[in-house]
Amino acid sequence: MTHDTISHPRREFLGASALAISAATLGVTAMIQPAHAADYRKNPFTLVYDDAITANVPGKVNIHPVTYKLNDLNIVANVYTPANFDLKKKNYPAVVIAHPNGDVKEQAAGLYAQRLAEQGFVAITADAAYQGGSGGLPRSVVKPANRIEDILGMADFISRYEGVDAERLGLLGICGGGGYSLAAAKTDKRFKSVATLSMFNTGRVRRNGYVDSQLDTVQQRLKQASDARAQQAIDGTVLYSGNADLTDAQIAALPYDLYREGYEYYWRTHAHPGSTFKYTTSSLLDLMRWDAMDQIELIEQPLLMIAGSKADSLYMSEDALAKATGAKNKELFLIDGATHIETYWVPKYVEAAVAKLAPFYGKYL
């Protein structure tokens, strides 16, 4: 199977006003000192998280790279199976995991897939279309409809996976994948329960800025997106947003934990060549008119939202839980002391999240 060649792109983060900061303006000399580093080159599956699988061993949790078609695109995914997985049982519950914005299946989503497999669930996580190892041109198109379709495509595939009970399907969305998972669960009732981790409402942030900090430039940015689409139609030029190549000093001076720790995670400690936060500027035409909260009352499934108590993105989970009035059972679980990005990898916070997720899926699947 031939996929788009993945080089080692500059990694980009969320693309808000923080990206305009320059070293001269900051006057900061402190360097980020990562407490952890994972090298994708040292793992045969290019996984970049602690205690990642390095080989499939009989009787243990195993990983199965797969490729399938979705709307004529090749989608690459990893399926994690529990220890002593027995195809003859055909009754394993499964969890679909949607990765964060800019993430790939080998990063945070892969970590949670492996941890849930350790708890007895089959788990699948795939690179979004137009991103990572999955197909689609131009690269880095990021549209809500595509991300939601990615989730439904994972459900299609894992429902037919030998050993899986298609009637016991759960959904987990992390960061941006959390917002798209809420949207998917509104209408796709194959998902019997839905959970989010550090939910990020991409539409709201692309429209209003992070913490609603860019309300005064909405029309200006819409004009830029419109111009970008027009340019592409005229001569095929694809313009991108979210580009940044910041120094450690610039990263340390960013105004929000999510930016600082996100850059450190994606550029330094858990970098992967398939991961990039660059997106086509014309994607903003779709992103800025979309919102994860639209018709959220259609979610009737049990809903668990997990977030760090110190996350500056917490306001988005709180907003979603309040508006999800149709959910039969809903809960916001705070991981004490955690920020947004720390829920991706810090062992004690990951364990706290999994300790909540496993019984949630166990009860409702």
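How many bridges join strand 1 (residues 62-70) to strand 2, and in which sense do the two run? In this predicted model, nine bridges connect them and the strands run antiparallel, with His64 standing opposite Val79 of strand 2. The two strands form a hairpin with two residues between them, and in the turn Asn71 has a positive phi of about 50 degrees. Strand 2 also pairs with strand 4 (residues 122-126), again in the antiparallel sense, over four bridges, and here Ala77 has Ala126 as its bridge partner.

Strand 2 (residues 73-81) is mostly covered, since nine of its nine residues are buried. Leu73, Ile75, Ala77, Val79 and Thr81 point one way from the strand, while Asn74, Val76, Asn78 and Tyr80 point the other way, and all of them are buried. Val79 is also among the residues touched by Ile158, together with Ala94, Val96, Val122, Ile124, Val164 and Leu169, when residues up to four places away in sequence are not counted.

Ile158 in turn belongs to the largest nonpolar core, which has 109 residues, and it is one of the members that touch the most others, along with Val96, Ile97, Tyr112, Leu172 and Tyr361. Helix 12 (residues 347-364) gives the most to this core, with eight residues.

Lys105 is placed in the loop between strand 3 (92-98) and helix 2 (108-118), and it counts as buried because its relative accessibility is 8%, under the 20% limit. Leaving aside neighbours within four places in sequence, Lys105 is in contact with Val76, Ala77 and Asn78, as well as with Gly110, Thr125, Ala126 and Asp127, and its side chain makes a polar contact of 2.9 Å with the side chain of Glu106.

The aromatic residues come next, and the structure holds 16 aromatic pairs. Tyr210 and Tyr256 form an edge-to-face pair, 5.1 Å centre to centre with 85 degrees between the planes, and this pair links distant parts of the chain, 46 residues apart. Tyr210 counts as buried at 0% relative accessibility, whereas Tyr256, at 23%, counts as partly exposed. In Tyr263 and Trp267 the ring centres are 4.9 Å apart and the planes stand at 75 degrees, so this pair too is edge-to-face; both residues lie in helix 8, four residues apart, about one turn of the helix. Finally, Phe200, Tyr210, Tyr256, Tyr259 and Tyr315 form one aromatic cluster, and elsewhere Lys278 lies over the face of Tyr240, at 4.5 Å from the ring centre.

Terms used. Residues numbered from 1 in each chain as written. Predicted model: local features only at pLDDT ≥ 70, side-chain atom pairs only at ≥ 80, totals over all residues. Heavy atoms only, no water. Core = buried A, V, L, I, M, F, W, Y, C linked by side-chain atoms within 4.5 Å. Buried < 20%, exposed > 50% of the residue type's maximum accessible area, 1.4 Å probe, protein only. Contact = heavy atoms within 4.5 Å. Pairing = 2+ DSSP bridges. Polar contact = N/O pair within 3.5 Å; in protein donor to acceptor, adjacent residues only side chain to side chain. Phe/Tyr/Trp six-rings, centres within 6.5 Å; stacked < 30°, edge-to-face > 60°. Lys NZ or Arg CZ within 6 Å of the ring centre and 35° of its normal.
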